[in-house]
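Q: I am new to this structure. Please show me how to read its features, step by step.

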Amino acid sequence: QRVALGPQAVVLRQKASPLAAELVARIEDVLQHSPLYQMATPGGKPLSVRTTSCGTHGWSSDPTGYSYVRHHPLTDQAWPEIPAAWSALATEAAQEAGFAQFAPDTCLINQYGLDSKMALHQDRSEQDLRQPVVSISLGMSALFLWGGMQRSDKPAHVLLHHGDMVVWGGVDRLRFHGIKHLTGAPHPQLGAMRYNLTLRRAR
Ligand code: MD3
Ligand code: FE
C-alpha cells in the first residue's frame with residue numbers, strides 16, 4: 001500500500017517486510033564492525049538515539065557540527081560496506097517513488113529506545129539535494145512528525161511500523177521531520193527498540 005505524504009514523498013507500507021529478518025541480520029553484522037555510539041548536538045547535548053553508519057561516508061558530529069566523514073569516530077576504521085540487500089531495496093523503492101537510478105553511498109543506522117526521540121530538523125548536508133532519501137523502519141512502531149518547509153509549520157503525525165519504507169525527494173526533500181516517540185508493544189524479535197535505516201547519496 002502506498003500513502004502519499006506530499007507530491008514527492010511516499011510511505012510504502014510493509015515493503016521491507018518479506019526481507020525484514022535478513023535486514024536485521026545484516027544490521028547485526030554492521031554493528032560488529034561499526035558500533036553504535038551517541039552523537040552530541042553541536043551545542044554538546046547527547047542525542048537520545050544511538051547511531052552508526054555504513055558506506056563510503058558516515059554521518060557524525062563533532063564540536064564544529066555535523067558532517068559526513070570517512071571513518072568511524074571511535075574505532076577510526078573505514079565504515080563497512082552497505083549490505084547489498086539494503087542498496088537493492090532502496091534503489092527499487094526509489095524507482096517506485098519516481099526517482100530513477102538511486103545509488104546510495106551511505107546508510108545511517110539509528111537505534112531508538114523507549115526514551116528516544118528526534119527533534120524536528122531538515123536533512124541538508126548531502127551534496128546533491130536532488131537525490132532522494134529512503135528510510136526503512138524495523139522493530140517497534142514510531143510516531144513520525146511530518147512538518148512543512150518552516151520549523152514553525154505544525155507537523156502531521158504518521159505512524160511508521162516494522163517493514164514500512166519511506167521515500168522523500170524533490171519538492172519534499174527539505175521538509176522538517178522528526179520522531180516524537182516509539183509506540184505500541186515491544187517487537188517480538190527486537191524488543192523495546194526501533195531501528196531506522198536511512199539510505200542516501202552523500203557525495
Ligand atoms: C524527510 N530519521 O536520520 S526517517 C534522520 O526515523 C531521520 O530515524 C528519522 O530523520 C528516523 O535524519 C526519520 C525518515 C526521513 C529521513 C530523511 C528525510 C524523512 C525525511 C529527509 C527529508 C525529508
Ligand atoms: Fe532526518
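A: Start with helices and strands. Helices (H or I, at least four residues) and strands (E, at least two) are DSSP runs, numbered from the N terminus. Here, helix H1 spans residues 20-33, and both Glu 22 and Arg 26 lie in it, four residues apart, about one turn of the helix. This is a predicted model: local features need pLDDT of at least 70, side-chain atom pairs count only at pLDDT 80 or more, and totals for chains, interfaces and linings use all residues. Residues are numbered from 1 along each chain as written, chains are lettered from A and ligands numbered from 1 in the order written, and side-chain values use heavy atoms, leaving out hydrogens and water.

Q: How many salt bridges are there by the rule?
A: The rule asks for a side-chain nitrogen of Lys or Arg within 4 Å of a carboxyl oxygen of Asp or Glu. It gives eleven salt bridges. One joins Glu 22 and Arg 26, with the closest N and O atoms 3.1 Å apart. Another pairs Arg 130 with Asp 128, at 3.0 Å.

Q: Is Arg 130 buried or exposed?
A: Look at relative accessible area: buried means under 20%, exposed over 50%, partly exposed in between (1.4 Å probe, protein chains only). Arg 130, at 68%, is exposed. Asp 128 is partly exposed at 24%. Glu 22 is partly exposed too, at 33%. Arg 26 has 26% and is partly exposed.

Q: Which side chain meets Asp 123 in a salt bridge?
A: That of Arg 200, at 2.8 Å, N to O. Asp 123 sits in the loop between strand S7 (118-121) and strand S8 (133-139), and Arg 200 in strand S13 (residues 194-200), so the pair ties together parts 77 residues apart in sequence. Asp 123 is buried, at 11%. Arg 200 is buried as well, at 7%. Salt bridges link both into a network with Glu 126 and Arg 173.

Q: Which residues come nearest to ligand 1?
A: A residue is near a molecule if one of its heavy atoms lies within 4 Å of it. There are 19 residues around ligand 1; Tyr 112, Asp 123, Trp 168, His 177 and Arg 194 come nearest. A polar side-chain atom of Tyr 112 lies 2.5 Å from an oxygen atom of the ligand. For an N or O atom in the side chain of His 121, the distance to a ligand oxygen is 3.2 Å.

Q: Which strand gives the largest share of the shell around ligand 1?
A: Strand S13, with four residues.

How values were computed:
Polar contact = N/O pair within 3.5 Å; in protein donor to acceptor, adjacent residues only side chain to side chain.
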